[in-house]
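I opened this notebook to record what I looked up in one model, entry by entry. Each entry takes up one topic.

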Amino acid sequence: MEFQTTSAQQTETVGEKLAPLLQAGDVLLLEGDLGAGKTTFTRGLARTLGISRAIKSPTFTIIREYRDGRLPLFHMDLYRLEHSSADDLGLEEYFDGQGVSVIEWPEFGADVLPKDVLTITIKRQSTSDEGRQFTLVAQGPRSEALLVQFKERWV
């Protein structure tokens, strides 16, 4: 599935429309360059999950946990693992837990990621400072069902 947004608010709206469909154990992989809108998307997702805390990029902490919503949100940034391994972090406990995992820079933890994931790629549009191109790809039965439901909400 591909579509475009034209503002930061619309990028947040993508997260807002996906959030009600999420279940415990869902894993979202966010791909995109620095400043592409990964945290902006996550902000909309978190708000609709009922999380009241401010959403910040977990770049320096690797994992930020938000537990005050309908589902816990585990916001991860694996960029700092570029030259090390994610094996010792126990990320599997998050993936198998009671919350939703949103993972930025997933390529740096590919060896521990589950097989059933929804990959969301966000790219800047060259024609607009705030415009973004979204591509969503499902891998696995749960993520495929999630993507079908999201398509129905997005249209």
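**Entry 1. Overall make-up**

I note at the outset that this is a predicted model. I looked up the secondary structure and found four helices and seven strands. Read from the N terminus, the elements follow the order β-α-β-α-β-β-α-β-β-β-α. The protein has 155 residues, and 50% of them are buried. I then turned to contacts with a separation of 6 or more; 63% of these join residues 24 or more positions apart.

**Entry 2. Helix 1 against helix 2**

How do helix 1 and helix 2 cross, and at roughly what angle? I found that the axes of helix 1 (residues 8-18) and helix 2 (residues 38-49) come within 7 Å and cross at roughly 45 degrees. Helix 1 is therefore oblique to helix 2. I recorded the crossing of these two helices as right-handed. On the helix 1 side, the residues that meet helix 2 are A8, T11, E12, V14, G15, E16 and L18. Their partners in helix 2 are T40, F41, R43, G44, L45, R47 and T48. Sorted by class, this contact holds five nonpolar, five polar and four charged residues.

**Entry 3. Helix 1 against helix 4**

I next examined helix 1 with helix 4, whose axes lie 9 Å apart and pack at an angle of about 120 degrees. These two helices are therefore oblique to each other. The crossing of helix 1 with helix 4 is right-handed. Helix 1 contributes T13, V14, K17 and L18 to the contact, and helix 4 contributes L146, F150, R153 and W154. By class, I noted five nonpolar residues, one polar and two charged in the contact of helix 1 with helix 4.

**Entry 4. The nonpolar cores**

Which residues have the most contacts inside the largest nonpolar core? The core has 29 residues, and I listed L18, L28, F41, L45, L73, L118 and I120 as those with the most contacts inside it. The elements giving two or more residues to this core are helix 1, strand 2 (27-31), helix 2, strand 5 (100-104), strand 6 (117-124), strand 7 (132-139) and helix 4 (141-154). Helix 2 supplies the largest share, four residues. There is also a second, separate core of 16 residues, which includes I63, F74, L91 and V117.

I then followed L18, which takes part in the contact of helix 1 with helix 2 and in that of helix 1 with helix 4. Apart from neighbours within four places in sequence, L18 is in contact with L28, F41, L45, L118, I120, L146 and F150.

**Entry 5. V117**

I located V117 in strand 6. Is V117 buried or exposed? Its relative accessibility is 2%, so V117 counts as buried. Setting aside neighbours within four places in sequence, I found V117 in contact with V27, L29, V137, A138, Q139 and S143. V117 and G25 are 92 residues apart in sequence, and their C-alpha atoms are 9.8 Å apart in space.

**Entry 6. Two residues of strand 2**

L29 is found in strand 2. I recorded L29 as buried, because its relative accessible area is 6%, and buried means under 20%. Not counting residues up to four places away in sequence, L29 touches I103, P106, L113, V117, L118, T119 and I120. L29 and P106 are 77 residues apart in sequence but 6.1 Å apart in space, C-alpha to C-alpha.

E31 also belongs to strand 2. I recorded E31 as partly exposed, because its relative accessible area is 31%. Leaving out neighbours within four places in sequence, the contacts of E31 are K38, P106, T119, I120, T121 and I122. E31 and F134 are 103 residues apart in sequence, with 9.9 Å between them in space, C-alpha to C-alpha.

**Entry 7. W105**

Where is W105 placed? I found W105 in the loop between strand 5 and strand 6. W105 is buried, with a relative accessible area of 13%. I noted its phi, near 55 degrees, as a positive value in a residue other than glycine. Most residues other than glycine have a negative phi.

Terms used. Residues are numbered from 1 along each chain as its sequence is written. This is a predicted model: local features need pLDDT of at least 70, side-chain atom pairs count only at pLDDT 80 or more; totals for chains, interfaces and linings use all residues. Side-chain values use heavy atoms; hydrogens and water are left out. Axes are lines fitted to C-alpha atoms, for helices over the stretch in contact, and angles run from 0 to 180 degrees between N-to-C directions. Angles under 35 degrees count as roughly parallel, over 145 as roughly antiparallel, 65 to 115 as roughly perpendicular and the rest as oblique. A crossing is left-handed if the near helix is turned anticlockwise from the far one by less than a right angle, and right-handed if clockwise. Contact means heavy atoms within 4.5 Å. Ala, Val, Leu, Ile, Met, Phe, Trp, Tyr, Cys and Pro count as nonpolar, Asp, Glu, Lys and Arg as charged, and the others, Gly among them, as polar. A nonpolar core is a set of buried Ala, Val, Leu, Ile, Met, Phe, Trp, Tyr and Cys residues joined through side-chain atoms within 4.5 Å. Buried means under 20% relative accessible area, exposed over 50%, partly exposed in between (1.4 Å probe, protein chains only).
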